[in-house]
Amino acid sequence: MVLLKHYITHNRQVKIVNTCRELGLGPGGFYRPGYQGGGKLHLHMMCLGLNWDPNTRKYEDERPIDGCKPPGIPYQFKKLVKKAIRDAHTLIREDSELSDAEDMLPTMSPNICIANFYTETGRLGLHQDRDESAESLAKGLPVVSFSVGDSAEFMYGEERDVKKAKKIVLESGDVLIFGGKSRDIHHGISCIIPNSTPHSLLQQTGIRTGRLNLTFRRF
């Protein structure tokens, strides 16, 4: 599990916001997903590459609510994911003196991205990302998370127990990567920290108050 603090440059964050806004307003863009019982998630979601349905917990070519196909993952997003994993390998080698950091954190080329936008009251309970293919999970292919906008309190742990979970603050520009033995960690967002978006990002993008989070993985 590797946290790259302030990794995404300001200019790249601006491009991420503008690209997600453009994709999010088109077919297959942002919507507020709900459960069969009628409850709604405390966020807005958009899938790229493949659609993930919170009701069936399956990946599909189209989303059931409107039959739209998810937009593709932009090349610049994939490029940044690969670069972040390479830089994480460098840190692992420095900290653990491993000759092959991929033994601890496998490399990955994403074909799925789930973009979540949390308002100031948004949150997400502890959960595991275990809906990818058996092969992907067995290899421990990582989840790579981009944070843009407001900071968020991220919780994680080996059990689905909020009281035992550790917490860190993810700020705009941070990249969090978890794979290998940490691939199955329980994780979630306990709260969004209001008015914490960098002022320069607000000025250049007009991003809404809240947090944009992109998580990349391979099916």
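In which helix does Arg86 lie? Arg86 lies in helix α2. Helices are DSSP runs (H or I, at least four residues), strands are runs of E of at least two, and both are numbered from the N terminus. This is a predicted model: local features need pLDDT of at least 70, side-chain atom pairs count only at pLDDT 80 or more, and totals for chains, interfaces and linings use all residues. Residues are numbered from 1 along each chain as its sequence is written, and side-chain values use heavy atoms, without hydrogens and water.

Arg86 is exposed, at 52% relative accessible area. Exposed means over 50%, buried under 20%, partly exposed in between (1.4 Å probe, protein chains only).

Now go inside. The largest nonpolar core has 35 residues. Such a core joins buried Ala, Val, Leu, Ile, Met, Phe, Trp, Tyr and Cys residues through side-chain atoms within 4.5 Å. Helix α2 gives the most to this core, with 7 residues. In soluble globular proteins, nonpolar side chains tend to be buried together.

Next, the charged pairs. The structure holds 12 salt bridges, each a side-chain nitrogen of Lys or Arg within 4 Å of a carboxyl oxygen of Asp or Glu. Glu132 and Arg183 form one, at 2.6 Å from N to O. Glu132 lies in the loop between β6 and α3, and Arg183 in the loop between β10 and β11, so the pair ties together parts 51 residues apart in sequence. Glu132 is buried at 6%, and Arg183 is buried at 1%. A network of salt bridges links Asp129, Glu132, Arg183 and Arg217.

Arg130 and Asp184 form another salt bridge, with the closest N and O atoms 2.7 Å apart. Arg130 is partly exposed at 39%, and Asp184 is partly exposed at 32%.
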